[in-house]
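This report looks at a few backbone details. View the sequence and the structure below before reading on.

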Amino acid sequence: MRTIDELIGSAPVFEGLERPHLEVIAGCGRNEHVDSGAFLLREGEPSERFFLIRRGTVALEVRAPGRILTVETLQAGDPVGWSWLTPPYRSRLDARALEACELIGFDGVCLRGKIEADHDLGYQLMRRFAENLVDRLQATRLQLLDVYGHA
Amino acid sequence: MMPERFEVISRRQDTADTWTLELERCSGDPLEFAPGQFTMLSAGGRGEVPISISGDPDHPGRLVHTVRAVGLATEAICAAEPGRVLGARGPFGAPWPVDQVAEGSEVVIAAGGIGLAPLRPAILWLLARRERYGRLVLLYGGRAPDQLLYTDELRMWEERGMEVLVTVDSAGPEWLGHVGVVTRLVGRARLGGEGTFAMACGPEVMMRFTVAALRDAGVEAGRTFVSMERNMQCGIGHCGHCQLGPTLVCRDGPVYRWSELAHWLDIREL
């Protein structure tokens with residue numbers, strides 16, 4: 001059975017991290033299972049956790065009067081939740097499991113403490129999170145262009 | 001070159017603004033074509049428009065066109081019921097180089113919106129010869145679930161050995177598939193990279209970013225082909241309206257090798 005540091009080491013967002021750093025991050029994580037339809041995060045609620053999807057699909061949703069809009073879906077290897085990184089540490093979207101999911105759930109408070117104590121770890125994590133955010137920001141901009149809506 | 005007469009045999013609505021018409025030549029042999037080619041299609045005095053052929057090149061008995069109603073000419077074409085006669089000139093243009101795909105190669109096809117229509121002939125051609133190739137992967141993106149084309153065929157293509165990944169830009173909670181732009185599917189497809197053959201068609205912005213994502217995944221620009229659109233009028237390289245750099249899209253395209261095209265697309269004024 002693989003340990004958590006072994007499991008997260010293969011995820012793109014943690015790729016290339018050295019073993020000691022992986023072990024520190026893993027120390028803030030645990031294996032979790034959620035059923036289909038379960039919420040990982042709720043808009044506006046305190047967000048001290050984030051997740052790494054091992055199996056399953058999670059939808060990022062926005063609630064509007066009379067409807068729910070899915071803005072993105074995330075799959076195995078994707079991180080879920082960034083609000084634990086920056087104040088006011090409140091989720092900006094709903095994150096809901098579209099099917100039963102296997103996850104690694106991380107304690108954001110725990111990890112923020114580790115980052116403050118080890119700035120090298122902090123840099124390595126921030127660099128990888130920034131790459132992921134840039135990638136998703138670019139994708140979001142493409143969605144905003146609504147390219148299929150124009151002849 | 002005069003339009004030939006084609007009778008509408010069937011008409012099917014695919015989405016709110018898109019129809020697929022099957023046509024039969026009123027006289028003469030069926031119109032043979034290569035995947036990626038187009039005809040100049042007309043509906044009795046409402047103008048003429050370039051429309052990609054979306055049928056099966058191995059079975060050209062019916063000329064198939066998937067048309068989006070966005071103006072006078074296309075609205076008239078889409079409204080043509082069985083028994084009506086349309087005009088068609090062609091086929092024109094450089095096709096998808098499906099016969100250049102080496103044995104055993106991995107092939108990735110990236111389509112956005114109605115861009116799946118010009119790629120459908122290539123998909124059918126490859127599936128008819130499935131045993132020759134490695135992985136066949138379709139990455140298909142659309143605006144919303146009710147705007148996807150050929151949804152009944154996607155499963156059949158999977159059964160015939162194609163991996164099909166579909167995504168939409170936005171959806172309600174009833175959609176259980178991917179949500180996000182098609183470029184995000186490139187990473188999920190885990191392509192082999194070197195040796196992979198790629199074909200892409202869709203809005204130009206989508207193609208540019210998809211090709212960039214393919215390049216990041218190791219797919220070479222020399223093995224990546226796209227289908228371009230410009231304002232075509234004559235379809236036979238005379239009027240010059242469809243000029244793209246030193247080329248004419250109707251004659252030198254619409255299918256281009258990306259490594260030969262990229263420089264011109266970097267020039268904003270073009």
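## Terms and origin

A residue counts as buried if 20 or more other C-beta atoms lie within 10 Å of its own, as exposed if 12 or fewer do, and as partly exposed in between, with C-beta atoms placed from the backbone. Helices (H or I, at least four residues) and strands (E, at least two) are DSSP runs, numbered from the N terminus.

This is a predicted model, in which local features need pLDDT of at least 70, side-chain atom pairs count only at pLDDT 80 or more, and totals for chains, interfaces and linings use all residues. Residues are numbered from 1 along each chain as its sequence is written, while chains are lettered from A and ligands numbered from 1 in the order in which they are written.

## Cis peptide bonds

In chain A, the bond from Pro87(A) to Pro88(A) is cis, and its omega is near 5°. Pro88(A) sits in the loop between strand E6 (79-80) and strand E7 (94-97).

In chain B, a cis bond leads from Gly253(B) to Pro254(B), with omega near 10°. Pro254(B) belongs to the loop between helix H6 (249-252) and strand E15 (255-257).

## Positive phi in chain A

Asp146(A) is not a glycine, yet its phi is positive, near 50°. This residue lies in the segment after helix H4 (119-145). Asp146(A) counts as exposed because it has 12 C-beta neighbours inside 10 Å.

## Around helix H3 of chain B

Tyr150(B), in the loop between strand E8 (136-142) and H3, has a positive phi of about 50° without being a glycine. It has 18 C-beta neighbours inside 10 Å, so it counts as partly exposed.

Just after H3(B), Gly161(B) has a positive phi of about 110°.
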